[in-house]
Amino acid sequence: MFRKVKRAEKELSQEKTLAILSSEEHGVLSTIGEDGYPYGIPLNYIFHGGKIIFHCATKGHKLENIAFHKKVSFCVVKQADLVPEKFSTRFQSVIAFGNARILEGDEKKEGLRAIVQRLSPDHIPAGETYIKNAWEKTTVVAVDVEHMTGKAAPAPNHA
Ligand SMILES: Cc1cc2nc3c(=O)[nH]c(=O)nc-3n(C[C@H](O)[C@H](O)[C@H](O)COP(=O)(O)OP(=O)(O)OC[C@H]3O[C@@H](n4cnc5c(N)ncnc54)[C@H](O)[C@@H]3O)c2cc1C
């Protein structure tokens, strides 16, 4: 079902792909809507325990879409530098496909703690208070990744 990167020489190794997912902080989540429209939104995220995790409010377009269809994709761009004289772009990006699910209970708490540790490492104690206060108003979503690819131009061995 999943496709290979068309220009094989531009495909990043699994190690480099995972390194990009782990080091970046935002990406675009694409979900499928009941109305037939794809919906892509920028989100902060972490890559934790092999999952893409993000937090959000308890209602909204993306959660309605996830409830309609759990399959999502997530795109992270690490580098995007125009090379005008070559009519090209130097880029490094990752696309992951997987199933989104809402975390509950201990998994939700672990997800929120991991988000605080990764995105607000200098504010851990305040983060614990934030987690308690925002608990009812916050949804935590994990994407269990089924397939991911990384791609770069120029091809990685020439980079
Ligand atoms: C770098 C970055 C990081 C972010 N991190 C987070 C995060 O960690 N958690 C989080 O919940 N949100 C984050 N946001 C905001 C996020 O993009 C959404 O706006 C938000 O999650 C609400 O999504 P929703 O589907 O529930 O919106 P709804 O309010 O239900 O969407 C209604 C309509 O508003 C429009 N809309 C929604 N979001 C955007 C947008 N970003 N830009 C333009 N139009 C929009 C769309 O037309 C959509 O159909 C981030 C945004 C940016 C740019």
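**Note on the fold and packing of a predicted model**

1. Within strand β5, V28 has C75 as its bridge partner. The model is predicted, so local features need pLDDT of at least 70 and side-chain atom pairs count only at pLDDT 80 or more, whereas totals for chains, interfaces and linings use all residues. Residue numbers start from 1 along each chain as its sequence is written.

2. Overall layout. The protein chain has four helices and seven strands, which follow one another from the N terminus as α-β-β-β-β-α-β-β-α-α-β. Its C-alpha atoms fill a box of roughly 50 × 40 × 25 Å along the principal axes. Of the 159 residues, 25% count as buried (20 or more other C-beta atoms within 10 Å of the residue's own; exposed means 12 or fewer, partly exposed lies in between, and C-beta atoms are placed from the backbone). For contacts (C-beta atoms, placed from the backbone, within 7 Å) between residues at least 6 apart in sequence, 68% join residues at least 24 apart.

3. The sheet. The seven strands make an open sheet with the order β2-β1-β5-β6-β7-β4-β3, and the pairing is antiparallel (a pair needs at least two DSSP bridges). β2 and β3 are the edge strands, each pairing on one side only. From one strand to the next, the twist averages 35°.

4. Strand β1 and its partners. With β2 (residues 38–44), β1 pairs in the antiparallel sense over seven bridges.

5. K62, N65 and I66 are the buried residues of α2. They lie on the same side of the helix because they cover an arc of only 100° around its axis (the arc is that of the directions from the axis to the C-beta atoms). The opposite face of α2, turned away from the buried side, carries the exposed residues A67 and F68.

6. The nonpolar core. The largest nonpolar core contains 24 residues, and those with the most contacts inside it are I52, I53, F74, A96, V141 and V143 (such a core is a set of buried Ala, Val, Leu, Ile, Met, Phe, Trp, Tyr and Cys residues joined through C-beta atoms within 7 Å). Two or more residues each come from α1 (14–23), β3, β4, β5, β6 (88–102), α3 (105–119) and β7 (139–153). β7 gives the largest share, five residues. F74 touches G27, L29, I52, A96 and V143, leaving out residues up to four places away in sequence.

7. Helices α3 and α4. α3 and α4 (residues 124–134) pack at an angle of about 145°, with 10 Å between their axes. From α3, K109, L112, R113, V116 and Q117 meet I124, G127 and I131 of α4.

8. Loops and backbone points to check. G49 sits in the loop between β3 (46–48) and β4 (51–56); with 12 other C-beta atoms within 10 Å, G49 is exposed. G49 and A114 are 65 residues apart in sequence, and their C-alpha atoms are 9.9 Å apart in space. F87 belongs to the loop between β5 and β6 and has a positive phi of about 55° although it is not a glycine. F87 counts as exposed because it has 7 C-beta neighbours inside 10 Å. The peptide bond from A153 to P154 is cis, with omega near 0°; P154 lies in the segment after β7.

How values were computed
Contact = placed C-beta atoms within 7 Å. Axes fitted to C-alpha atoms, helices over the stretch in contact; angles between N-to-C directions.
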